[in-house]
Amino acid sequence: MTTLYKTLLVTTLITLVGCSSSPTGRKQFAILPDSQINQMGVKSFAVMKQETPASTNTPLKQQVQCVTDKLIATLPDKYRNQAWEVVLFDDKQVNAFALPGYKIGVYAGMLDVAQNQSQLAAVIGHEIAHVLARHGNERVSTQLATSQALALGYQLSGEATPEKAAIFQALGLGAQVGIILPFSRAHETEADLLGLAYMSEAGFDPRESAQLWKNMAAKGSSKTPELLSTHPSHSTRIDTLQKNVPPHLVTYEALVADNKQANCY
């Protein structure tokens, strides 16, 4: 790739910043066609299904499907009418995910931590939010733009020397810590807040979202410093959720008053 081409590419990427917005109104940097990202998600999900067996526990599968269906029913038509697929994987890791292409995976180990239907709704609602907010596209786009910008800067900065190589290695780490990781933490917080809305509108108790992360903290998961993590710390996450519960609690309590709360368990 020529230096001129790289210059034009990076310039194009920069000018595209802010051309779209997430469901919360946050300006996004997403430069790839959603159709391409969706294809990547579908292919990745197919590989996962080949590598990890699906659970044969019918009651648990029905619970996961019920919670997912309730959440999807609250989404705008554009997303509600997609062919969503959810799989409960027979694996004890405490994890769940959603991929572009409308694919949702829940690992059986998550059901040991998400102890009721509302806590599971917090998990799945969070993952659905990643898809609707196009976070996968943003992450791939950011990685692409960062790598191209560093490569261009290296070419334009003169003769190659050991000192120059060391500086650009440090710049790469700086981009990871200063741009990509905070960007991912912003995605996680945005998904938490969107998930609160989805779960309360579906008739799940939004207060259980914070309790889920208390359970996760008690489980003793990663102690990576927040500065070097793609996710907010448990304490940050719990505090953010608790502060944002009140308006969503009003929505949930109105459904309870009309006897319209979710009943998946």
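Me: What makes alanine 54 partly exposed?

Reply: Its relative accessible area, in this predicted model. The value for alanine 54 is 44%. Buried means under 20% and exposed means over 50%, with partly exposed in between. Alanine 54 is therefore partly exposed.

Me: Where is the place of alanine 54, and which residues is it in contact with?

Reply: Alanine 54 sits in the loop between α2 (34-51) and α3 (58-72). Leaving aside neighbours within four places in sequence, its contacts are Val87, Leu88, Phe89 and Asp90. Valine 106 is 52 residues away along the chain, and its C-alpha atom is separated from that of alanine 54 by 9.8 Å.

Me: Why is glutamine 62 called exposed?

Reply: Its relative accessible area is 52%. The cut-off for exposed is over 50%, so glutamine 62 counts as exposed. This residue lies in helix α3. Its C-alpha atom is 9.2 Å from that of tyrosine 265, 203 residues apart along the chain.

Me: Why are α6 and α9 called roughly perpendicular?

Reply: The axes of α6 (residues 117-132) and α9 (residues 208-219) cross at roughly 85 degrees. Angles of 65 to 115 degrees count as roughly perpendicular. The two helices are therefore roughly perpendicular to each other. Their axes come within 8 Å.

Me: Which residues make the contact of α6 and α9?

Reply: From α6, they are Ser118, Gln119, Ala122 and Val123. From α9, they are Glu208, Ser209, Gln211, Leu212 and Asn215. By class, the contact has 3 nonpolar, 5 polar and 1 charged residues.

Me: How do you know that the reach of α10 is close to the expected one?

Reply: Helix α10 covers residues 234-257, with 24 residues. From its first C-alpha to its last, α10 reaches 32 Å. At 1.5 Å a residue, 34 Å is expected.

Me: Where is the kink in α10 centred?

Reply: On proline 246, with a kink of about 50 degrees. Just after α10, asparagine 259 takes a positive phi of about 60 degrees.

Me: What makes a residue of α10 buried, and which residues are buried?

Reply: A relative accessible area under 20% makes a residue buried. In α10 the buried residues are His234, Arg237, Ile238, Leu241, Val245, His248, Leu249, Tyr252 and Leu255. In an α-helix, residues three or four places apart point the same way, because there are 3.6 residues a turn.

Me: How many of the residues of the protein chain count as buried?

Reply: Of its 265 residues, 43% count as buried. The chain has 10 helices and 5 strands.

Notes:
Residues are numbered from 1 along each chain as its sequence is written. This is a predicted model: local features need pLDDT of at least 70, side-chain atom pairs count only at pLDDT 80 or more; totals for chains, interfaces and linings use all residues. Side-chain values use heavy atoms; hydrogens and water are left out. Helices (H or I, at least four residues) and strands (E, at least two) are DSSP runs, numbered from the N terminus. The expected span of a helix is 1.5 Å times one less than its number of residues. The bend at a residue is the angle between axes fitted to the seven residues ending there and the seven starting there. Buried means under 20% relative accessible area, exposed over 50%, partly exposed in between (1.4 Å probe, protein chains only). Axes are lines fitted to C-alpha atoms, for helices over the stretch in contact, and angles run from 0 to 180 degrees between N-to-C directions. Angles under 35 degrees count as roughly parallel, over 145 as roughly antiparallel, 65 to 115 as roughly perpendicular and the rest as oblique. Contact means heavy atoms within 4.5 Å. Ala, Val, Leu, Ile, Met, Phe, Trp, Tyr, Cys and Pro count as nonpolar, Asp, Glu, Lys and Arg as charged, and the others, Gly among them, as polar.
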